[in-house]
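Welcome to a short tour of one structure. Take a moment with the sequence and the model, and then we can walk through a few local features together.

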Amino acid sequence: MTTAVAKPKPAALSAKKKSKLTWPVVLLLIAFALVLFAAVGAITGNHGLTSSGQIGAALSSAVPIAMAGLGGLWSERAGVVNIGLEGMMVAGTFCGAWGGFLVNPWVGLLAGMAGGALGGLLHALITVTFGVDHIVSGVGINLLVPGICAYMNRIYYKDYVVDGAGANQSPPADSLPTLTVPGLSNWLDGIEQHHWFLVSDVAGIVRGLTTDLSVVTLIAGAFLVASYFVLWRTVFGLRLRSCGENPTAAESLGVNVYKYKYLAVIASGAFAGLGGAYLSLVAAHFYRDGQTQGRGFIGLAAMIFGNWMPGGLAAGAGLFGFTDSLQLRDADSVHVLLLVVAIAMTLLGLWQLYRRKFTAGAISIVVAGGVAAWYATTDAVQRPLIVATPYVITLVVLALASQRLRMPKADGQIYRKGQAK
């Protein structure tokens with residue numbers, strides 16, 4: 001007598017066949033983006049989007065976003081939502097400028113990380129020990145820390161009248177060193193200026209990534225790589241991530257859930273503090289009220305875009321950093337970007353139609369037509385729209401990536417010790 005074998009449900013089969021963003025696909029997308037930017041540059045005669053200046057500015061804008069996102073990744077992988085990253089970044093800007101002014105910028109970096117770590121410790125105490133809702137605690141930190149820093153600045157620097165220092169701004173600190181690959185910069189500059197199709201665009205990108213590179217950028221990159229190995233290749237990382245997936249099961253196996261949550265949230269604050277210190281020691285050389293401009297929240301968006309993974313986070317930070325840096329460039333480059341978006345949305349719509357996703361395809365093509373009409377009927381993009389671009393891109397990217405997200409299962413849940421018993 002034969003037994004009937006249950007066939008897998010169609011939903012299960014479709015889940016197994018769900019495409020993943022593999023490295024070959026990522027490299028193919030990067031190659032496509034390079035060809036698209038090169039083609040638009042050749043058509044319009046404006047190569048500003050792939051110039052070394054634009055890439056350098058984008059990298060500079062991406063570093064604080066990436067560090068805020070890395071802080072969110074550590075915290076949420078341990079199950080603690082940290083929307084207080086903005087406040088921790090503010091603590092990093094103030095403490096970094098303070099340490100840089102009193103001693104030197106290297107001490108300022110450490111002071112910025114320490115200031116952010118204190119904010120993380122406060123968040124851990126409120127959420128882990130006292131069990132307060134994570135969102136409430138994060139909002140409180142975002143309100144409390146900037147107020148404290150602004151108050152301290154008004155008291156501590158009110159008598160300084162040099163180089164713009166005063167009630168709203170600290171005195172300037174010394175600069176941190178920058179690095180340039182010897183000989184490579186001048187050679188690539190010559191290739192970039194020839195405007196050869198694709199070759200000059202690649203030369204401009206590589207030159208922007210290897211010229212006048214702040215040492216803090218290298219430190220931030222090292223932290224991103226190290227975080228992957230620590231969280232996914234060590235016992236410590238396995239235990240920390242288990243606290244964000246199933247803390248009850250982790251405790252039953254002997255993991256001190258409170259300890260790992262504390263360590264993760266304190267590290268989260270330290271990374272956010274480093275991003276803040278970058279703003280007050282590299283991007284500028286002083287602390288000023290409102291310096292972060294919402295980069296802590298954009299960092300969270302980059303983390304979500306990256307699906308709580310360091311590699312995806314880096315890609316998201318690069319995307320948001322690129323759009324953020326547009327406000328520092330000429331308006332003509334931003335106008336050319338409209339044509340890039342129109343072509344990309346058209347191709348995306350055709351791809352969606354090919355996959356029989358008719359609604360998504362139709363929407364993409366309609367949006368592409370609207371952006372193309374905007375490009376054709378205008379000569380420049382208004383300044384307020386350029387400033388708002390990073391925030392609009394943040395919302396659009398999160399909306400498009402929402403179907404692929406997989407957050408830690410216990411992220412944001414209140415955990416009390418002894419639940420495993």
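## Two helices crossing

The axes of helix 2 (residues 23-44) and helix 15 (residues 331-354) come within 10 Å, with a crossing angle of roughly 130 degrees. An angle of 65 to 115 degrees would count as roughly perpendicular and one over 145 as roughly antiparallel, so helix 2 and helix 15 are oblique to each other. The crossing of helix 2 past helix 15 is right-handed. Keep in mind throughout that this is a predicted model.

Which residues make the contact? On the helix 2 side they are Phe 32, Leu 36, Phe 37, Val 40 and Thr 44. Helix 15 brings Val 336, Leu 337, Leu 339, Val 340, Ile 343, Ala 344 and Leu 347. Sorted by class, the contact of helix 2 with helix 15 has eleven nonpolar residues, one polar residue and no charged ones.

## Aromatic pairs

How many aromatic pairs does a search of the whole structure find? The search gives ten. One of them joins Phe 94 and Tyr 287 in an edge-to-face arrangement, 5.4 Å centre to centre and with 90 degrees between the planes. This pair links distant parts of the chain: Phe 94 belongs to helix 4 (residues 85-102), while Tyr 287 sits in the loop between helix 12 (257-283) and helix 13 (295-305), 193 residues apart. With the cut-off for buried set at under 20% relative accessible area, Phe 94 is buried at 10%, and Tyr 287 is buried as well at 2%.

Tyr 228 and Trp 232 form a stacked pair, with 6.0 Å centre to centre and 20 degrees between the planes. Both belong to helix 9 (residues 215-233), and because they are four residues apart there, about one helical turn separates Tyr 228 from Trp 232. Tyr 228 counts as partly exposed at 29% relative accessibility, whereas Trp 232 counts as buried at 18%. Elsewhere, ring pairs join Trp 74, Phe 223 and Phe 271 into a cluster.

## A buried serine

Helix 12 also holds Ser 268. Is Ser 268 buried or exposed? Its relative accessible area is 0%, so Ser 268 counts as buried. Leaving aside residues up to four places away in sequence, Ser 268 touches Gly 71, Gly 72, Ser 75, Asn 82 and Leu 85.

Now for some backbone angles. Most residues other than glycine have a negative phi. Against that background, two residues are worth a look.

Asp 212 has a phi near 50 degrees, a positive value in a residue other than glycine. Asp 212 is placed in the loop between helix 8 (199-210) and strand 2 (213-214). With a relative accessible area of 55%, Asp 212 is exposed.

Trp 308 has a positive phi too, near 60 degrees, and is likewise a residue other than glycine. Where is Trp 308 found? Trp 308 lies in the loop between helix 13 and helix 14 (310-325). At 4% relative accessibility, Trp 308 counts as buried, whereas Asp 212 is exposed.

Key: Residues are numbered from 1 along each chain as its sequence is written. This is a predicted model: local features need pLDDT of at least 70, side-chain atom pairs count only at pLDDT 80 or more; totals for chains, interfaces and linings use all residues. Side-chain values use heavy atoms; hydrogens and water are left out. Rings of Phe, Tyr and Trp (its six-membered ring) pair if their centres lie within 6.5 Å; planes under 30 degrees apart count as stacked, over 60 as edge-to-face and the rest as tilted. Buried means under 20% relative accessible area, exposed over 50%, partly exposed in between (1.4 Å probe, protein chains only). Axes are lines fitted to C-alpha atoms, for helices over the stretch in contact, and angles run from 0 to 180 degrees between N-to-C directions. Angles under 35 degrees count as roughly parallel, over 145 as roughly antiparallel, 65 to 115 as roughly perpendicular and the rest as oblique. A crossing is left-handed if the near helix is turned anticlockwise from the far one by less than a right angle, and right-handed if clockwise. Contact means heavy atoms within 4.5 Å. Ala, Val, Leu, Ile, Met, Phe, Trp, Tyr, Cys and Pro count as nonpolar, Asp, Glu, Lys and Arg as charged, and the others, Gly among them, as polar.
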